Amino acid sequence: MNLETLVEALGLKCKCCWEKLKNTQVRGGYAGDLLSDVMANSSAGDIWVTRQVHQNIVAVASLKDLAGIVVVQGASPDKDTLERAGKEGIPILVTDMAKFEVVGRIYRLLSEG
Amino acid sequence: MKLSEIRDLLNARVIVGEDKLDVEITTAFGADLMSDVLSFARSGCLLITGLSNPQAVRTAYALDIAAILVCRGKSLTDKFIEIARELGIPILWTRFIMFESCGRLFQEGLTGCIRKTDGTEEKTIVR
Amino acid sequence: MSGDDLSESLEGIYHIQGRDFVDAGIVSSEVKKSLQGKGIPESIIRRIAVITFEAEINIISYAQQGTIQLFIEPDAVIIEANDMGPGIADIDLALQEGYSTADDSIRELGFGAGMGLCNIRKFSDIFELTSEVGQGTHLKSIVKLNG
C-alpha cells in the first residue's frame with residue numbers, strides 16, 4: 001500500500017514531505033517510543049507510530065529506511081525535527097488519535113491489502 | 001474481552017494474575033513512555049508496553065489499570081514480578097511487537113481508552 | 001497560601017534520595033495506599049497518584065534529595081515537593097511540553113520526555129512552582145475534593 005492511501009484513510013495531517021507519499025510503499029508497521037528498541041526491531045518499509053517528537057526520531061527512521069513517522073496523541077514535532085525530516089526525506093504525519101487506535105486502523109488497512 | 005482471551009490471541013504467558021483471567025477488558029492504551037500513560041490512560045484499560053521495569057507496574061497501580069501486557073518479549077526481572085504481585089496488577093507477556101499486539105486486539109474489538117486528544121482534553125480532569 | 005499552617009493536616013512525609021532509580025514510583029504507590037479507605041473518590045486518588053509520581057521522578061532525576069509531603073484538608077488534598085537540587089532557571093521553558101534536560105538513565109525508565117511538569121499541572125486544580133538556581137525547587141499542587 002502506498003503511504004498516500006494510508007494517510008487519506010486515517011485522515012492524518014502531513015507536516016513534511018507530502019510529495020513523497022504517493023511513491024512510498026508501506027510494508028508493515030512498528031509502534032514504540034524507545035529509540036534503541038525501534039533501531040533494533042523495526043524493518044525497512046515500516047510505518048512507525050510513536051509519541052516521541054525530538055529530532056532523533058528522524059535519524060532512526062532514516063537509518064532503518066522506514067516509510068514514515070506517525071506522531072500520535074496531538075503531540076507536535078519540534079521545529080528541528082521537521083527541518084531534519086525535510087532534509088532526509090522522511091514524511092512526518094500527525095494525528096490527535098491515540099497510538100492504540102492508530103495502530104489498529106493501520107493494521108486493519110494492511111491486512112485488507 | 002476476558003484477560004484469558006487476550007492471552008490466547010497473543011500466545012501470551014500469564015506471569016502474574018492467574019486468578020484474574022476472567023476480568024473483562026474493553027479498552028487499551030499502548031505506550032513506552034510512562035508520562036504518556038500517566039497523562040492519557042484511563043482506569044480499567046489494558047496497558048500494552050515494551051517497558052518492563054517496576055515503574056510500569058507503579059504507573060498501572062497509580063491509574064487503576066486492569067492489567068499490563070508486556071510485548072516484544074522483553075525480559076522480566078524478579079523485582080518487576082514481585083511488585084506486580086504486591087500491587088495486584090496482572091501481567092501478561094508476549095513475544096509479539098506492540099504493533100501486532102495492538103492490531104490484533106483492535107481487530108477483535110478492543111478500543112482505545114481515549115479516541116483522540118483535543119484542546120479540551122488538557123482541561124478535563126474528570127477521569 | 002504557603003503561610004498557612006498545615007501541620008495539623010499532615011498525612012505523610014516521604015524522603016526521596018536523588019538518583020535512586022530502582023524504587024522510583026514507590027512514594028506514589030504509598031501515597032495512593034494511604035489515601036484509600038478515607039472516603040476520597042477513586043478518580044481524585046488517581047490524580048494525586050499521578051501528581052506524586054511525576055514529582056517523585058523529578059526529584060530523583062535532578063536533585064540530591066528531597067521530600068514529598070501530603071496534607072489532607074477538609075476540602076482538598078495538598079502535595080508539596082521540595083528538593084535540594086540545581087533549581088530551574090526558566091520556569092516557563094520548563095513548563096513547555098516536550099522540553100527536557102533528562103539523561104538516558106531517566107529516559108530508560110519511560111520518563112524524561114518533557115511531560116512531567118505538564119502532567120502535574122494538568123491534574124492539579126491549583127499549581128505553584130517556584131525555584132532558585134543552585135538552591136532547589138518547591139512545588140505545590142492542590143487537588144480539590146469537591147469539584
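The model is predicted, so keep a few ground rules in mind: local features need pLDDT of at least 70, side-chain atom pairs count only at pLDDT 80 or more, and totals for chains, interfaces and linings use all residues. Residues are numbered from 1 along each chain as its sequence is written, chains are lettered from A and ligands numbered from 1 in the order in which they are written, and side-chain values use heavy atoms, with hydrogens and water left out.

**Where chain C meets chain B**

- Here 30 residues of chain C are in contact with 26 residues of chain B (contact means heavy atoms within 4.5 Å).
- The two chains bury about 2,400 Å² between them, with 54% of it on carbon and sulfur atoms; buried area is the accessible area (1.4 Å probe) that two parts lose on being put together, summed over both.
- You'll find 4 salt bridges between chain C and chain B (a salt bridge is a side-chain nitrogen of Lys or Arg within 4 Å of a carboxyl oxygen of Asp or Glu).
- One of them links D23(C) to K79(B), with the closest N and O atoms 3.2 Å apart.
- On the side of chain C that touches chain B, α1 (26–35), α2 (42–62) and α5 (116–123) of chain C each supply at least two residues. Helices (H or I, at least four residues) and strands (E, at least two) are DSSP runs, numbered from the N terminus.
- The largest share of that side, 8 residues, comes from α2(C).

**Where chain B meets chain A**

- In this pairing, 28 residues of chain B are in contact with 25 residues of chain A.
- The area buried between them is about 2,400 Å², and carbon and sulfur atoms give 62% of it.
- Chain B and chain A share 2 salt bridges across their interface, and D36(B) meets R51(A) in a salt bridge at 3.6 Å, N to O.
- α5(B) gives the most to the side of chain B that touches chain A, with 9 residues.

**An enclosed helix in chain B**

- All told, 10 of the 10 residues of helix α3 (residues 54–63) of chain B are buried, so the helix is largely enclosed by the rest of the structure. Buried means under 20% relative accessible area, exposed over 50%, and partly exposed in between (1.4 Å probe, protein chains only).
- Those buried residues pack against α2, β3 (46–49), β4 (67–70) and α4 (78–87) of chain B, together with α1 and α2 of chain C.
- Just after α3(B) comes D64(B), with a positive phi of about 55 degrees.
- D64(B) also forms a salt bridge with K32(C), the closest N and O atoms being 2.7 Å apart.
- That pair crosses between chains, from the loop between α3 and β4 of chain B to helix α1 of chain C.
- D64(B) is partly exposed at 25% relative accessibility, while K32(C) is buried at 1%.

**The sheet in chain B**

- In chain B, 6 strands form an open sheet in the order β1-β5-β4-β3-β2-β6, with mixed pairing (two strands pair if DSSP finds at least two bridges between them).
- β1 (13–16) and β6 of chain B stand at the edges with a single partner strand each, so one side of each is left without a neighbour in the sheet.
- β3(B) and β4(B) run parallel and are joined by 4 bridges.

- In all, the structure holds 20 salt bridges over all chains.
- K79(A) pairs with E83(A) in a salt bridge, the closest N and O atoms being 3.4 Å apart.
- Both K79(A) and E83(A) lie in helix α4 of chain A, 4 residues apart, about one turn of the helix.
- K79(A) is exposed at 62% relative accessibility, and E83(A) is partly exposed at 43%.
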